[in-house]
Amino acid sequence: MTIEIAPSILSADFGILREQVQLVEDAGARIIHVDVMDGQFVPPLSMGPQVCEALRDMGLHLEVHLMVDRPETIQVETFAAAGAGTIIIHAEATPAVDYALELIRSHGCKAGLAVNPATPLSIYEEIEPDLALCMTVNPGWGGQSFIASSIEKITRLRAIVGDEVVIEVDGGVDARTAGLCVAAGASRLVAGSAIFGQDDPARAFNDILNAATIRN
Ligand code: DX5
Ligand code: ZN
């Protein structure tokens, strides 16, 4: 499976957001990860659909990570209309996981299902999303340390979902942890502070991509 790096704009400079995104697009990024936080499912508030609308004409695949309670009530529809190509919900955020994933697909988007570090993988034995996101930090903030036990969890996740499902990791990914994640079975890596927190985001993007693909 192709290894993809999805820069998270959570750590970008929002005063020059399009310029920041252009830097990583020029470096080869094809996916932008948009972290949406509601102040309920996770304590902070982050950004809304206006951010997708501001980026949607740039030709990148917008992957929206909904860290919100009950995403099926309105946010799935709202972000699909704002240009999302993939929408990821959390298993912990709703009892209507299956319904929410089908709702995402009904809007023409890829449907992702995320689990927090403390959540068992058993839901993936029952439901097959297009993308399985294994959180490698507890969600809510950028710049946290990668939880080392995630590597073994990624290995177990790959064994459950098989070869076709995209396995994404999110949190604490940098040039050091990227290769470990890919070796364990991850195919898409989110990186926020390790890209947009650096002086040269384009170079940082390439460093992570190289680290991820060489080891693989
Ligand atoms: C965490 C978010 C992540 C975050 C990653 O709640 O879901 O996408 O932006 O940031 P880094 O790469 O800095 O850990
Ligand atoms: Zn995220």
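Analyst: Two strands pair if DSSP finds at least two bridges between them. Helices (H or I, at least four residues) and strands (E, at least two) are DSSP runs, numbered from the N terminus. The model is predicted: local features need pLDDT of at least 70 and side-chain atom pairs pLDDT 80 or more, while totals for chains, interfaces and linings use all residues. Residues are numbered from 1 along each chain as its sequence is written, chains are lettered from A and ligands numbered from 1 in the order in which they are written, and side-chain values use heavy atoms, without hydrogens or water.

User: Which residue of S8 is the bridge partner of valine 169?

Analyst: S7 and S8 run parallel and are joined by three bridges. One residue of S8 stands as partner to valine 169, and that is leucine 189.

User: How many bridges join strand S1 to S8?

Analyst: Strand S1 covers residues 4-7 and runs parallel to S8. Glutamate 4 has arginine 188 as its bridge partner in S8. The number of bridges that join S1 to S8 is four.

User: Are the residues that point either way from S8, such as Arg188 and Leu189, buried or exposed?

Analyst: In a regular strand, side chains alternate between the two faces of the sheet. From S8, Arg188 and Val190 point one way, while Leu189 and Ala191 point the other. Under 20% relative accessible area counts as buried, over 50% as exposed and anything in between as partly exposed (1.4 Å probe, protein chains only). Residues on both sides of S8 are buried.

User: Which residues are the protein donors of the zinc ion (ligand 2)?

Analyst: A donor is an N, O or S atom within 2.8 Å of the metal (3.2 Å for Na, K and Ca); water is not among the atoms, so sites may look incomplete. The donors of the zinc ion (ligand 2) are spaced along the chain as H-x1-D-x29-H-x104-D. At 2.0 to 2.3 Å from the zinc ion lie the protein donors His33 (NE2), Asp35 (OD), His65 (ND1) and Asp170 (OD).

User: What is the geometry of the site of the zinc ion (ligand 2)?

Analyst: Six donors count as octahedral if opposite donors are over 155 degrees apart and all others between 65 and 115. Ideal angles for six octahedral donors are 90 or 180 degrees. Here the six donor atoms make angles of 71 to 171 degrees, and the site of the zinc ion (ligand 2) is octahedral.

User: How many residues apart in sequence are the parts tied together by histidine 65 and aspartate 170?

Analyst: Histidine 65 and aspartate 170 are both buried. Histidine 65 belongs to strand S3 and aspartate 170 to strand S7 (residues 166-170), so this pair ties together parts whose separation in sequence is 105 residues.

User: Which residue in S4 is the bridge partner of histidine 65?

Analyst: S3 and S4 run parallel, with three bridges between them. In S4, the partner of histidine 65 is isoleucine 88.

User: How many residues of strand S4 (residues 86-90) are buried?

Analyst: On one side of S4 are Thr86, Ile88 and His90, and on the other Ile87 and Ile89; both faces are covered. Strand S4 is largely enclosed by the rest of the structure, because its buried residues number five of the five.

User: How many of the seven residues of S3 are buried?

Analyst: S2 and S3 run parallel and are joined by seven bridges. S3 is largely enclosed by the rest of the structure, because its buried residues number six of the seven.

User: What is phi of arginine 70?

Analyst: Arginine 70 sits in the loop between S3 and H3. Arginine 70 is partly exposed, its relative accessible area being 38%. Its phi is positive, in a residue other than glycine, and is near 45 degrees.

User: What distance separates the C-alpha atoms of aspartate 69 and threonine 94?

Analyst: Aspartate 69 also has its place in the loop between S3 and H3, and is partly exposed at a relative accessible area of 35%. Aspartate 69 and threonine 94 are 25 residues apart along the chain, and their C-alpha atoms are separated by 6.5 Å.

User: What distance separates the C-alpha atoms of glutamine 198 and leucine 103?

Analyst: Glutamine 198 is in the loop between H8 and helix H9 (201-215). With a relative accessible area of 41%, glutamine 198 is partly exposed. Between glutamine 198 and leucine 103, which are 95 residues apart along the chain, the C-alpha separation is 37 Å.

User: Is alanine 81 buried or exposed?

Analyst: Alanine 81 is part of helix H3 (residues 75-81). From glycine 59, alanine 81 is 22 residues away in sequence and 16 Å away in space, C-alpha to C-alpha. The relative accessible area of alanine 81 is 52%, so alanine 81 is exposed.

Definitions and conventions: Tetrahedral: all angles 85-135°; square planar, octahedral: opposite > 155°, others 65-115°.
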